[in-house]
Amino acid sequence: MKLDVNMLRYLSKEDFRVLTAVEMGMRNHEIVPSELISRIAALKHGGTYKVMKNLLKHKLLHHDSSKYDGFRLTYLGYDFLAIKTLVNRGVFAAVGRQIGVGKESDIFEVATEDGTVLAMKLHRLGRVSFRAVKSKRDYLRHRNNFNWLYLSRLAALKEFAFMKALGEHGFPVPNAVDCNRHCVIMSLVQGYPLVQVKQLQNPEPVFETIVGLIVRLAEHGLIHCDFNEFNLMIDDDEKITMIDFPQMVSVSHRNAQMYFDRDVECVFKFFRKRYNLSFHEYTVDADGEDVGTYESNRLCFSSISKDAIFLDKELAASGFSTKDQEVIEKFIEGAVEENNSDTDEETRDDECVSAINEQNIEGVGSLHLQDEDEQTIDCVVAGEDNDTEHDHQAGESSVPLTEDTNDDDEDESADEEGEAKLARSLNKQRKHAISAVHRGRRKTVSRNSYKDKGGKTTYNSKIHKQMCVW
């Protein structure tokens, strides 16, 4: 969808208020109901439907009435919300031409009030050319359901965090300026994509610089995962700048070896085909020493020395989340305790079974409304009681045990009374549940229903009053 920012100047506060209401409703709705939008927007004099009709006309909203009457944000409406917020912050004041299109984003030129030109990257996940996001990227992590707008926001936040951290540690990346929703503002790189450069004056130093960047990233605990000629910028002085960081993972990732080898292979393959470099003349050791030819000595992932600074820990890169690491450490520390607790639980279960068999409870067990925790506690208590009774009987084994019929009659009567009380409590709970359900129902009246205009309804009400008087 083409971004036409001229329309932005004609949108009012009510329009942005309704767009924000739809965005808030999309947190837990795929299609936000119209009534919910009007309640969230809370316009003073109403008119929410009129505003939504205007936004629908300009393709800022999408209407869907397949299941119910509702709306959702389009990428154009999400663009306007992000641009409006950044303009209010004073990050930039004008939007220029489009300078790049990718499978996941669009890039535009923006200008500040003093004339400085910046780059604005709008993430647009969900295009037909790249929809395998769930298998190719880890934005979802543990989530099952997702929205393309939400995934674009996660990608933008991740790229902004990596770009800012890499810039602080001296990597050749654009300067991260600001981020809002799915929009990232960065400095404009003065150069060209490496894929567009047909010839280089000194291809050997450029190749060594690029391979050195891969090694430096690995030493800091990160792997680019998309390190190729499309994500490398080169200027007139043949200086390299890295771009595109949402897919970066940690060296602790389970597929880190494969991603590292793929990045290295992409660089070697491109320079071999484009610039006809013979790699038997160049070293590939991480320490920069001459160790032989490329065919016999590839760049080894395991031989790279890890630096004291781990950016994957600071940024919680994919494959190395601090929360996951804490859970793993707790699991490793408590493995022995869990094994011991499993054996204790097995013995307790045996005691619970024996206690239930001794009590001869018939037909009442299915009526219990206790939770699982309460049941386990009761089983443990019953097991302890049985153990104490067993010990007491063992200690006094010489005393004869006699059974009285009176005691049996008393036990049977007590069981009957308990069953009657339980049945009464169940009926009472059932009645309370039914009444609560009836109170929770609300009478829904259609918007197209006829209103009472003083016809038959008024006449029937008068007759009803007279009958009540009689």
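Start with the open sheet, where three strands sit in the order β9-β11-β12 with antiparallel pairing. Helices (H or I, at least four residues) and strands (E, at least two) are DSSP runs, numbered from the N terminus, and two strands pair if DSSP finds at least two bridges between them. Select β9 (192-193) and β12 (240-242): these stand at the edges with a single partner strand each, so one side of each has no neighbour in the sheet.

A word on what you're looking at: this is a predicted model, where local features need pLDDT of at least 70, side-chain atom pairs count only at pLDDT 80 or more, and totals for chains, interfaces and linings use all residues. Residues are numbered from 1 along each chain as its sequence is written, and side-chain values use heavy atoms, leaving out hydrogens and water.

Which residue stands opposite Y192 in β11? Click on I234 and you've found it.

Next, bring in helix α7 (residues 203-219), which lies across β11 and β12 and runs at about 30 degrees to β12. Axes here are lines fitted to C-alpha atoms, for helices over the stretch in contact, and angles run from 0 to 180 degrees between N-to-C directions.

Hop over to strand β2 (residues 61-64) and strand β3 (residues 70-73), an antiparallel pair with four bridges. A hairpin of five residues joins β2 to β3. Select H63 and look for F71, its bridge partner in β3.

Now for some helices. Select helix α1 (residues 13-25) and α2: they pack at an angle of about 120 degrees, with their axes 9 Å apart. That makes α1 and α2 oblique to each other; angles under 35 degrees count as roughly parallel, over 145 as roughly antiparallel, 65 to 115 as roughly perpendicular and the rest as oblique. Show side chains, and you'll see R17, V18, A21, V22, M24 and G25 of α1 meeting I37, I40 and A41 of α2, where contact means heavy atoms within 4.5 Å.
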